[in-house]
Structures are given as C-alpha cells and as structure tokens.
Amino acid sequence: MSLWSEISKACQLLSQGDVVALPTETVYGLAGNVFNEAAIEKIFAVKDRPSFDPLIVHISSFEEVSKLAQKWGQAEAVLAKAFWPGPLTIVTPKTQQVNPLITAGLESVGIRMPAHPVFRRILRELKTPLAAPSANKFGRTSPTAATHVKSEFSNSVFVVDGGDCQVGIESTVVAVHETAQSVEVKILRPGMIAHSHLKRALEDAHLKKLIRVSNVEASPLAPGHTDTHYQPAIPLIIAHRTPSQETATQIEKKFSFPSLSRYSELNLNPDPRLAARDLYSEMRRLSTSGIKWMFVRKSNDRSGEVWESIWNRLDRAASMRID
Ligand code: TXA
Ligand code: MG
C-alpha cells in the first residue's frame, strides 16, 4: 500500500471512530478522535492502559488551542511559538469540551502540535484534534518504527508507515504557572527540548517576569510516570563498567537464567541526539536477538541535559543497577 493510500485509509478509520497508529517525530502514537468517546475508550483498551493515565491531545493549528485550553497564558504562547510544531507538550487547564476520559479526570489537558508531516496531514484532513499516547502496551518501550507497532499489537492495529522517528524519545511535558510577576515552568517529563531551551525561549521573549524552570521528577501531576515504564522484553541492567564474569553469574542467578547465558551491551551513540533517536529500536533489536539480558554503561561522558532525558528513560526501563 502506498503512503497516500495508507493516509486515506487512516482518515477513513479515524472518522468512523476507530483507532490507528501514526508516526510522529518523537515516537509512533495510537490515535483516536478526541470528540469520539468510543475511540478514546478503545485507545485505553488496546493499550491495556489504566484509566488514571491521561492522554496527550495533538493539534495542527494554533486556533485549535482555544477549543481545548481554558486560558492560554503569555508564557504558554511563547513556548508554543518557539517549539511547535515539535516535541513539547503543554499541560494546561482544560475546557468543558475535553472529555474527562482523556485527562483521567484531571482538570488539565496536555496539548502538543506534532511536526511529522504525515500526522499533520491527517490532522488537517480530519479537522479535529487527535488524542494519542505512544503506540505500545502500557509500561513497555515506545515504538519508533511501524514494524515495532505491528509486533506490539500483533498486526491488530492499522499503522501508517511514516519511516523511523527522528527524535526517538517522547515529548518534553511541561506545566506552566504564570502570575503578573512570575513564570514557573515545571518539567513533568524531560525530553529533547531541555531545561536551557525552555528558559532561553522565555527570556528571549522579554516578558518582564521572574522566570523559573524546574524538574519535577515523579510528580503526582504526571500520573503516568510510574517508576517502571518503557520496559524492554528482556532485563536491562545499568552498569558503571562492562560486567565481569563474576557479576554476570550473579545476574544469571537473580533472573534464573542458565549459566553462561548470552548478553550484550546496549550501545549508544556519543551524540545524545543520535543516541535518543536509536535508543528504543536498539532496545527492541537486542530484545529479539536471542540474548537473555543487556546492559548499558552509565559513564561520565554521557552527561548533560539531553543525556539526562535519555537516562530518565533508561532508569525506568532498567530492572537492576550494578557498579
Ligand atoms: O511524544 C509524545 O509525547 C508521544 C507522541 C505520540 O505524541 N506521546 C506520548 O504519550 O508519549 P504517552 O501517553 O505515552 O505519555 C504522555 C504522558 C502521560 O504519561 C501523562 O503522564 C502525561 O503525558 N500527561 C498527559 N496529560 C497530562 C496532564 N493533564 N497532566 C499531567 N500529565 C499529563
Ligand atoms: Mg507512553
């Protein structure tokens, strides 16, 4: 099927209230019409996602914000202008029109304008925002290629193949608290758009307000952020060095693997942008390569704010940490 036929089939399914998997620049999403309750219910059912974990709403134009957000502050407008379309989700008080199923009963909704041309094309065609969590079973690694989605749902979900995702990790999620004197940005989930980028965009806008940007790890504001998430199909171990034979034996015992089981290193590109792009596909490749476990080295040169976003995912994906 050509990409054009896939896009038109996706539009047809979405307008009938079905769900389809679509590429975004971050990871593939499992999309459904935000104004169709059956579609939203289907997203949760297909993913086995608990109802307490809210979905992100995707839009294609700035005008659509007013349907979803109660008010849009100056700082939110600055961030949207600076980073949309792109990998930033802004959590903001919602309108009545947003079904509480989407927001897991919260009074706020996460909004993002994705950059991927296929997703944007479909949004414009349908003229409705689409809710889309990552297209994986709850708690598992996000898909960054159409083949990942197909294996995740055993071909039961229609996928538009838009190629490999270029960002590779999920969007940065922020909540903004703005008063007459100050702007406080809380990073609920770190991503490719990092602390310094958010701060610089706000400073460059000369709002004449005190600006604070902070990381809010594992906040109750971000209910989806359970300690274990993004889990690959085989154990991932964070190690400070290549495990010795003795350490490998301990790991085999802990997971009840046969002795001398094969394992591999999860290699990461020294450039954090490329490391993020390839992270989940490498995790999936190793998971299906016949080895029993994999390890990733937490070395000093893998530090800096983009690396922190990558470590945020690896920390949750890991089953064990060793020296
Ligand atoms: O890059 C992405 O964000 C991808 C693509 C498909 O857009 N989507 C994605 O969705 O990663 P999901 O559902 O896997 O992760 C969204 C996270 C949720 O875990 C949730 O905690 C947080 O965003 N979130 C959504 N709405 C929220 C809200 N109203 N308040 C706090 N956190 C929210
Ligand atoms: Mg997810």
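Before the first stop, a quick word on helices: here, a helix is a DSSP run of at least four residues, labelled H or I and numbered from the N terminus. Keep in mind, too, that this is a predicted model.

**Stop one: a helix.** Select helix H7, which covers residues 195-204. Now show the side chains of Lys 199 and Glu 203: they meet in a salt bridge, 3.1 Å from N to O. Why might such a pair form? Side chains of opposite charge can pair when their charged atoms come close. Lys 199 and Glu 203 sit 4 residues apart in the helix, so about one helical turn separates them.

Next, select Arg 112 in strand E5 (residues 108-112), then Glu 25 in the loop between strand E1 (20-22) and strand E2 (29-33). Their side chains form a salt bridge of 2.8 Å, N to O. The two residues are 87 apart, so this pair ties together distant parts of the chain. Are they buried or exposed? Arg 112 is buried, with a relative accessible area of 2%, and Glu 25 is buried too, at 9%.

Finally, pick Asp 315 and Arg 321, a salt bridge whose closest N and O atoms are 3.9 Å apart. Asp 315 is partly exposed, at 29% relative accessibility.

Conventions. Residues are numbered from 1 along each chain as its sequence is written. Chains are lettered from A and ligands numbered from 1 in the order in which they are written. This is a predicted model: local features need pLDDT of at least 70, side-chain atom pairs count only at pLDDT 80 or more; totals for chains, interfaces and linings use all residues. Side-chain values use heavy atoms; hydrogens and water are left out. A salt bridge is a side-chain nitrogen of Lys or Arg within 4 Å of a carboxyl oxygen of Asp or Glu. Buried means under 20% relative accessible area, exposed over 50%, partly exposed in between (1.4 Å probe, protein chains only).
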